[in-house]
Amino acid sequence: MDIQNLLDDIVGSVQPLTGQGAVADYIPSLGSVRRDQFGISLATGTGDVYSSGDADVPFSIQSISKVFALALVLARDGDSIWKRVFREPSGNPFNSLVQLEQEDGIPRNPFINAGAIVVTDRLLSISANSPSAVRELLRKESGNDSIDTDADVAISEAQHGHRNASLAHFLASYGNLENPVDSVLDAYINQCALAMSCTDLALASRFLATNGLRSDGTPLLSPPQTKRINAVMLTCGTYDAAGEFAYRVGLPGKSGVGGGIVAVVPNNCTICVWSPGLGRSGNSLAGVAALDEFTSRTGWSIF
Ligand code: DON
C-alpha cells in the first residue's frame with residue numbers, strides 16, 4: 001500500500017470540512033486558531049513516519065495529554081488507580097458535573113475531565129511535577145526536545161477554568177484528591193497546554209501500538225496494560241461520541257479540544273490527525289472524517 005499517497009488523498013478529501021465546526025473558545029486563546037488547517041501523520045511501530053498537510057504545525061494537545069498521564073500512573077502504580085476512577089463510558093459531555101455527585105465522587109472514566117484530574121493528582125504524588133513527567137515522556141518518545149507548554153494557553157485556561165475548579169473541589173469534598181486543589185488544577189492545565197505537532201504525537205504514542213514498548217525497546221507498560229488503555233480509549237476516548245467514533249473509525253482514539261485526535265492500530269501504527277473545527281462533543285470534525293476514510297480504505301480497523 002502507498003501510505004504517502006493515501007495520506008495526501010485524505011488531505012484533499014477532508015478539505016471541505018476544514019472550515020466547519022466550532023473552535024474551543026471556552027479557552028479564549030484556542031478561539032483564535034485558524035480553522036482551515038489540517039494535518040495527518042502516521043508512525044509505524046518501527047519508527048517510520050508518513051505525513052501530509054499541516055502535520056508539523058504545533059497545536060494544543062489538551063485532552064490527548066490524559067492518555068500519557070494515565071500511562072505513567074499505570075506504569076508506576078498498577079491497578080490501584082481504578083479504586084479512584086471507573087472505566088465506563090460516561091455518555092455525558094467531558095466537563096459534566098452531574099454524574100460526579102450521583103456516583104459519590106468517583107469519576108466515570110480517566111478521560112472525562114473529573115477522571116483526568118484524579119489521574120493528574122496521582123501523578124503529582126508520584127512524580128512531584130506531573131506536567132514535566134508527561135512532557136519528558138513526550139519528548140523522549142517523539143525525539144523532539146523542544147516540546148513544551150504553551151504558556152498563553154495555560155494562562156487562558158486558568159483564567160476561565162471555573163468548571164474544572166468546581167470538579168476538583170467536588171472531588172476533594174469526597175476525599176478523592178491527595179494534593180491541594182490549586183496544585184492539581186495547575187498541573188492539569190499545564191499538561192493540557194502542551195503544544196505538539198501531528199508528527200510528534202504519532203511518534204510519542206507508538207507504545208500503544210507496540211504492546212507497551214518505548215522507542216528504545218524498554219517496556220513502559222506491560223502488554224495487558226497496553227490492551228487496557230487502548231480499550232478505555234475505544235470506549236471513552238471521544239466522550240459522548242465514543243459510539244459514533246467506534247462506528248465510523250473502529251480504532252481506539254483520544255481527542256482534544258485543540259482539534260487533535262490520536263488513533264491506534266494495535267501491533268501496527270499510530271495516526272494523529274489535527275484540524276481545529278470541532279463537532280458537538282468536542283472532537284475534530286475533519287479529523288474524524290479523515291480517520292473514517294483511512295480505516296475504510298486500508299481495512300486497518302480492530303473490527
Ligand atoms: O479541561 C478542559 O476542558 C481542557 N483542558 C481539555 C478538554 C478536552 O480537550 C476535551 N476533549 N475533546
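Ala, Val, Leu, Ile, Met, Phe, Trp, Tyr, Cys and Pro count here as nonpolar, Asp, Glu, Lys and Arg as charged, and the others, Gly among them, as polar. On this basis, the shell around the ligand divides into 6 nonpolar, 7 polar and 1 charged residues. The model is predicted.

The ligand is surrounded by 14 residues. The closest are Tyr26, Gln62, Ser63, Glu157 and Tyr188. On its own, the ligand has 340 Å² of accessible area, and the protein covers 99% of it.

A separate element of the model is an open sheet of 3 strands. The strand order is E3-E5-E4, and the pairing is antiparallel. Strands E3 (59-60) and E4 (148-149) stand at the edges. Each has a single partner strand, so one side of each is left without a neighbour in the sheet. E4 pairs with E5 (residues 194-196) in the antiparallel sense, over 2 bridges. Across this pairing, Thr149 stands opposite Leu194 of E5. Helix H5 (residues 130-142) packs on the sheet. The helix touches both E4 and E5, and its direction makes about 10° with that of E5.

Technical notes:
Residues are numbered from 1 along each chain as its sequence is written. This is a predicted model: local features need pLDDT of at least 70, side-chain atom pairs count only at pLDDT 80 or more; totals for chains, interfaces and linings use all residues. Side-chain values use heavy atoms; hydrogens and water are left out. A residue is near a molecule or strand if one of its heavy atoms lies within 4 Å of it. Accessible areas come from the Shrake-Rupley method with a 1.4 Å probe; for residues, only the protein chains shown count as cover. Two strands pair if DSSP finds at least two bridges between them. Helices (H or I, at least four residues) and strands (E, at least two) are DSSP runs, numbered from the N terminus. Contact means heavy atoms within 4.5 Å. Axes are lines fitted to C-alpha atoms, for helices over the stretch in contact, and angles run from 0 to 180 degrees between N-to-C directions.
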